[in-house]
Amino acid sequence: MTAVEQVVAGTAADPDAELAAAYRHCRSIAAAHGRTYFLATRLLAPAQRPAVHALYAFARTVDDLVDYESFDAAGQVDRIEKRLRERLAHPLPPDPQDPVLSAVAATIARYRIAPDHFWTFLDAMRMDIPGTPLFRSRYATMAELRGYMRGSAAAIGLQLLPILGTVGPRAAAEPAAAALGEAFQLTNFLRDIGEDLDRGRIYLPARELAAFGVDDDLLAHCRWTGRTDIRLRRALAHLIATTRALYRVAEPGIELLQPRVRPAIRTAAVLYAEILAEIEESGYAVFDRRAVVPRRRRLWVAATSYAAAGVRAVGANRSDGMPRV
């Protein structure tokens with residue numbers, strides 16, 4: 001068995017034990033922070049899950065450095081890129097002190113993922129770090145915002161494609177994968193307006209907000225009062241419609257993936273899109289609560305997608321009815 005397969009089987013032995021431990025570490029990060037993402041990953045084939053967990057853990061680790069303004073965030077991101085480049089240029093044994101980087105480097109090599117997708121992602125993260133040449137805290141137009149999302153979101157979808165596999169040329173599935181990544185990211189921006197304002201950032205295009213009479217001062221007032229002004233409600237309704245259009249662009253691309261992985265991606269797409277419905281049903285109350293799809297609904301969507309695909313359940317005797325990880 002490969003090291004990845006040993007992770008799943010729990011039989012990793014030297015010299016692969018450290019890599020197996022690195023993948024398990026990534027799994028714990030995904031389980032703790034990415035509820036929808038982790039649930040969807042459980043619908044993948046067992047050998048694919050550790051690789052997907054590694055990509056999530058890498059993105060999450062860097063994103064947290066930036067979001068929580070860690071000391072010398074720019075320097076830390078630079079060092080992460082340097083170490084990853086070194087690992088890809090000269091394969092090194094897993095480093096127990098750096099399990100995420102060890103796992104993601106092994107994943108890139110195993111699935112031959114284009115490293116450029118990671119450099120694009122890291123540049124997008126630098127756009128969030130004050131003091132860097134790339135820093136941006138506001139975006140005037142949707143085109144400008146999509147320039148940021150090319151690294152923060154679309155690149156993630158493109159990283160995943162070699163792991164998921166396609167039924168035809170990978171290039172044919174890339175536009176849909178990028179669109180789905182952007183749809184996920186815009187959903188997060190709409191849900192997390194308040195948290196982003198607290199960090200001094202606005203990830204909604206100023207020109208589209210202004211069309212509804214929304215500016216920075218109104219957003220700050222809404223954050224302070226915890227109430228969503230009617231002008232902002234209208235702007236959010238418009239941007240939710242824009243985001244749903246991206247989900248529609250991405251949807252046909254799911255059929256371009258290998259049949260075994262379609263339930264997982266469809267589950268993630270459906271559940272993330274339902275966050276938009278939760279925002280609407282709350283009356284666009286994005287400042288005093290966080291829109292969340294209930295756990296029962298998440299499990300039902302996952303089970304339905306799994307059953308509809310006609311995939312034989314693994315570990316069906318588990319109490320949650322989900323495949324064994």
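Trainee: Which residues is Leu134 in contact with, leaving aside its neighbours within four places in sequence?
Mentor: Leu134 is in contact with Asp123, Arg126 and Met127, where contact means heavy atoms within 4.5 Å. This is a predicted model in which local features need pLDDT of at least 70, side-chain atom pairs count only at pLDDT 80 or more, and totals for chains, interfaces and linings use all residues. Residues are numbered from 1 along each chain as its sequence is written, and side-chain values use heavy atoms, with hydrogens and water left out.

Trainee: Where is Leu134 placed?
Mentor: Leu134 sits in the loop between H7 and helix H8 (142-164), helices being DSSP runs of H or I with at least four residues, and strands runs of E with at least two, numbered from the N terminus. The C-alpha atoms of Leu134 and Asp123, which are eleven residues apart along the chain, are separated by 7.7 Å.

Trainee: And is Leu134 buried, exposed or partly exposed?
Mentor: Leu134 has a relative accessible area of 39%, so it is partly exposed; buried means under 20%, exposed over 50%, and partly exposed in between, with a 1.4 Å probe and protein chains only.

Trainee: Switching to H5 and H7, how do their axes cross?
Mentor: The axes of helix H5 (residues 73-89) and helix H7 (residues 116-126) come within 11 Å and cross at roughly 175 degrees, an axis being a line fitted to C-alpha atoms over the stretch in contact, with angles from 0 to 180 degrees between N-to-C directions. The two helices are therefore roughly antiparallel, a label for angles over 145 degrees.

Trainee: Which residues meet there?
Mentor: From H5, Val77, Asp78, Glu81, Leu84, Arg85 and Leu88 meet Phe118, Trp119, Leu122 and Arg126 in H7. By class, this contact has six nonpolar, no polar and four charged residues; Ala, Val, Leu, Ile, Met, Phe, Trp, Tyr, Cys and Pro count as nonpolar, Asp, Glu, Lys and Arg as charged, and the others, Gly among them, as polar.

Trainee: Which element gives the largest share of the lining of the second largest pocket?
Mentor: That is H6, with four residues. The lining has ten nonpolar, one polar and two charged residues.

Trainee: Finally, how many helices and strands does the chain have?
Mentor: The chain has 15 helices and zero strands, and 50% of its 325 residues count as buried.

Key
Angles under 35 degrees count as roughly parallel, over 145 as roughly antiparallel, 65 to 115 as roughly perpendicular and the rest as oblique.
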